[in-house]
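User: Let's go through this model together. Please put it up first.

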Amino acid sequence: MRLHHLTVTAFGPFGTTQRVDFDRLSAAGLFLLHGPTGAGKTSLLDAVCFALYGSVPGARQSSTVTLRSDHADPATPTEVVLDLTLGDRRLEITRRPEQERPKRRGAGTTRDRARTLLREHDPATGTWRALSSSHQEIAAELGGLLGMNRDQFCQVVLLPQGDFARFLRAGAEDRATLLGRLFDTRRFAAAEAHLADLRADAGRRVRAADDRLLAIAHRMGQAAAPLTGLPAVPVDDSGAPGLAAGLLGWAAQARCAAREHHTVARLALAAAETAHEEAGRHHTAILDLAGRQARHADARRRADALAARRPEYDADRRALERARAADTVAPALDLRESAAAEHRAAADGERRARAALPRDLADAPADRLAERERATRALVGTLTAARNAEDRADRITADIALLDEEDSAEGRLLDGLRARLDAWPATEEALRRRADEARDAAARAEAVAERLPAARRRLAAAHRRDELTGRIAAAETGLLAAREDATTAHAHWLDLRERRLRGIAAELAAALTPGAPCAVCGSPDHPAPARAAADQVDRAEEEAAETAHRAAEERRTDAAGHLAALREAHASAAAEAGTEPYDALDRTVTALNADLEAVRALADEAPAARIALADAEREHTALRDRAEETGRRAAARRSRRAALTAERDALRDEVARARADAPSVAARAARLTALADALAGAAAAARAGAETADRLKAADARVADAAYRAGFGTPDAAAGARLAPQRQRDLQQRIDARHAEESAVAAVLTDPAAEAAAGLPAADPAAAGAALAAATRRLRQAAAAEEAARTRAAELDALSARAAAETAAAAPLRNRAGRLARLAGLAAGTSPDNAYRMRLETYVLAARLEQVAAVAGARLHRMSAGRYTLVHSDARAAHRARSGLGLHVMDAWTGRARDTATLSGGESFIVSLALALGLADVVTAEAGGLRLSTLFIDEGFGSLDEQALDDVLDVLDGLREHDRTVGIVSHVPDLRARVPARLEVVRTRTGSAVRHRMAPLHP
């Protein structure tokens, strides 16, 4: 992997767009990333990680931390663009996080979703080709090319020295955590867990088999408890059945004893069954004798009761015979009653019908009433034509009233239509004027819109011009101060240098040793060495003054460059804005905005104005047509009203002649119709009265004849003898019941067996029943004992078979559980066979750590001038800690291995740096051999002395042999003199910025 270019916009501390040219920095092989604390050095590394993985490392990935710069313009989106080479493919990744932006219309903000774009460079055409804009597809593509996750990348490419110093001194568990995260040994931990699960499952199976066998043994003991002479069930101390102690043999003894007990119980049951049968036969005979004696005594009592109720029986029989004779007269009686009721109803109806007739017809016969009815109905028929004429006259009157209402309504409508037609010319003129104004406004809006962008650009340029004017004044003041500081520092350095030169003899004299030759004259005698003056300057003070002078000169150079950039930006802004003040330009822009808004609002009304004019013209045409049509309908109504009025007058004359003294023809016809109906009803009622009188006389004759034939003196006597059908059925049932009772009593009293039983002594069923109950109890007890013995024998047979099967099935389970327990203990480090008590995952991590120690040791040997080498230790740890993850430093000066905790700060940095580089190489190989051409090392160089720093830089510089570029992130001032290619991050109030510096090395 090689980085080419990085562009960040509104990201972290960078408020504007900043570009990093890694190709330019990589040309030297080693470059320095420096700047003040908080300027944004780490944010550049975060941007690289964000471009590759869509997230930043560590705690900065928290949901409460935003990637957007607080210095950025609200309209500028946060964006990171990374140009890099992965393998043989040149890719460009563009990412935008989810962020708030101002709404394009109206006030407030809206949230933009995260966006990602992946492009690939085509070397044949020299163009970029889009590959995908899907987060998931891009993540899968980059993950396959990188071969490592975000955590691995941050440990391998962005080398965090603090983490490796902690890793160097960490315990076995902490080292295992970091190594496991980098090398992804979860599959080995999963294998450990799987073996533990298999061991637990096998243990559960063995315990379940033991529990089942123990339960069978207890059930066998419970089943054989009633048997005597058997020993206790053999069970060992653990509670599982002790098969070796003879459980199966004990089961065979129990089965034999159970079968013998069953044979004895079966013989006892057969004897109880025989005794029970004999007691049953005796009880049946006693019950039969007692029954015959009881029936004979009961028959005698019933015969005496029948004789006592004989008069009651005779009375019932006579009443039933008279009721049945009266039933033969019942039809004639019912017919006479019906005829009498009809005659009464007909007489009442005739009286009511004659009451509705005129007095001269109240006593008229039926023939005369019928004749008068016919004459009245004929007169009603002659009034039909007059009734029709009366109805027609009423309808004509209603039609005339409706025509008058329509004429009045349409008259008002016609007046309104004419008023609207009169106002049309003024309306048409106003609508046409509105359409013309809207059309002209559209043309003006285009002209104003063309002027507005230029005015806005001038306004923005004037704002920049005025702002830069103030910043230039401040920069000039800063440059003046920097120049003064540089001049003062230079003068101070020259002064100290001159003073040192004046006192150089005293400085050399301070180094003289009695008897040793002088470095200047070579004499071993020093008779009068120079003495240092009170203001003597040594070499350290001179070098400090020189360093201060160079720093002041660098600040002066930076201030001059900053002022030149500001003046260049000010000239550009002034050229674009002109000399017009900002307020005047702002008023111009405001006026143009207001004018544009007004004319656009008016221009927007053009379609509506044209539509309104067209609608008004169509409405005017429709109003004119409606007015003409309304006038035509009014003339037609007036002609029809005259014709209807003439017809109504003729009809009214005809109706007046037909109605006579009635209020109307219909009233007279209704009165005559009611009279005809009354006459018809009275005639019919008179005829019905005569007919029912004749039927009543005939019914009286028939009922008298029927009563005589039935043996009754009068019809009333026959009616008095009648009984209801239910009463007759009750009498018949009582008579039949007596006959049945007499037959049953006679049958019992004449039975020879009953007579013989009555002559014998009284039977005792209670004693026979008690003897049978005792025999039954003995039978049940014998049957229960036989059933229990049989069930016990069958249960012992089944349990013995189950015990044998469970014993056979448990053996392979015990063998498998033992093998799995040994294997799981070996993988978990708890088995005695695992001498180092190393878990499987720890064993794999120890192998990886041994590779890392070998690679890191080679680099450490060069960094420490051959003194130190990093070695891996698999010595067994104390206090049950993990073994196999130890690290020691071999000291060539003493020939002994040193604990990493004894290293000084600088030594720890060198060792941890070598360890980080070694781990990066091993993780890279583990990830598939991806070549990492760009690495970053973060801080830690301040703890090294000058010689150690040279050795470390030599090693880092040696990485260029493998075509690698190393970026050092550090505050150490000496590195600026030693590393020519530098990327400086400058911190300002308006956001940070980056500067590329390719300064030559100092001599």
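User: Where is the kink in α22 centred?

Analyst: On G857, with a bend of about 25 degrees. The bend is the angle between two axes, one fitted to the seven residues ending at a residue and one to the seven starting there. Helices here are DSSP runs of H or I, at least four residues long, and strands are runs of E, at least two long, numbered from the N terminus.

User: Before we go on, what are the ground rules?

Analyst: This is a predicted model, so local features need pLDDT of at least 70 and side-chain atom pairs count only at pLDDT 80 or more, while totals for chains, interfaces and linings use all residues. Numbering runs from 1 along each chain as its sequence is written, and side-chain values use heavy atoms, with hydrogens and water left out.

User: Back to α22. How far apart are its end C-alpha atoms?

Analyst: 34 Å. Helix α22 covers residues 840-863, 24 residues in total, and at 1.5 Å a residue it should span 34 Å, so the two values agree. The expected span is 1.5 Å times one less than the number of residues.

User: And what follows α22?

Analyst: A865, with a positive phi near 60 degrees.

User: How many helices and strands does the chain have?

Analyst: The count is 25 helices and 17 strands.

User: What share of the residues is buried?

Analyst: 36% of the 1003 residues. Buried means under 20% relative accessible area, exposed means over 50%, and partly exposed is in between, using a 1.4 Å probe and protein chains only.

User: Contacts next. What share joins residues at least 24 apart?

Analyst: 74%, among contacts between residues at least 6 apart in sequence. A contact means heavy atoms within 4.5 Å.

User: Which residues of the largest nonpolar core touch the most other members?

Analyst: L6, L44, L52 and L84, out of 39 residues. Helix α2 (residues 41-53) gives the largest share of this core, 7 residues. A nonpolar core is a set of buried Ala, Val, Leu, Ile, Met, Phe, Trp, Tyr and Cys residues joined through side-chain atoms within 4.5 Å.

User: What does L52 touch?

Analyst: Leaving out residues up to four places away in sequence, L52 touches M1, L82, L84, I93, R95, L142, L146 and F153. There is also a second, separate core of 36 residues, with L849, V922, L935 and I937 among its members.

User: How many aromatic pairs turn up in the whole structure?

Analyst: The search finds 2. One is F11 with F50: ring centres 6.1 Å apart, planes at 40 degrees, so the pair is tilted. F11 is in strand β1 (residues 2-11) and F50 in helix α2, so the pair ties together parts 39 residues apart in sequence. F22 and F31 also form a tilted pair, 6.3 Å centre to centre with 55 degrees between the planes. Rings of Phe, Tyr and Trp (its six-membered ring) pair if their centres lie within 6.5 Å; planes under 30 degrees apart are stacked, over 60 edge-to-face, and the rest tilted.

User: Are F11 and F50 buried or exposed?

Analyst: Both are buried. F22 and F31 are buried as well.

User: Which polar atom lies 2.6 Å from the backbone oxygen of F22?

Analyst: One in the side chain of S26. S26 sits in helix α1 (residues 22-26) and is buried at 13% relative accessible area. Beyond four places in sequence, S26 touches R2 and T965.

User: And A27, buried or exposed?

Analyst: Exposed, at 67% relative accessibility. A27 lies in the loop between α1 and β3 (30-34). The C-alpha atoms of A27 and A981 are 8.5 Å apart, although 954 residues separate them along the chain.

User: Switching to R354. Where is it?

Analyst: In helix α9 (residues 310-355). R354 is buried, at 16% relative accessible area. Its C-alpha lies 8.2 Å from that of A678, 324 residues away in sequence. The contacts of R354 beyond four places in sequence include L361, D363, L369, A682 and A686.

User: Last one. Which residues of α15 are buried?

Analyst: A584, L585, V589, L592, L596, V599 and A603. In an α-helix there are 3.6 residues a turn, so residues three or four places apart point the same way. For α19, the buried residues are Q728, L731, I735, R738, V745, V748 and L749.

Terms used
A polar contact is a pair of N or O atoms within 3.5 Å; within protein, one must be able to donate a hydrogen and the other to accept it, and residues adjacent in sequence count only if both atoms are side-chain atoms.
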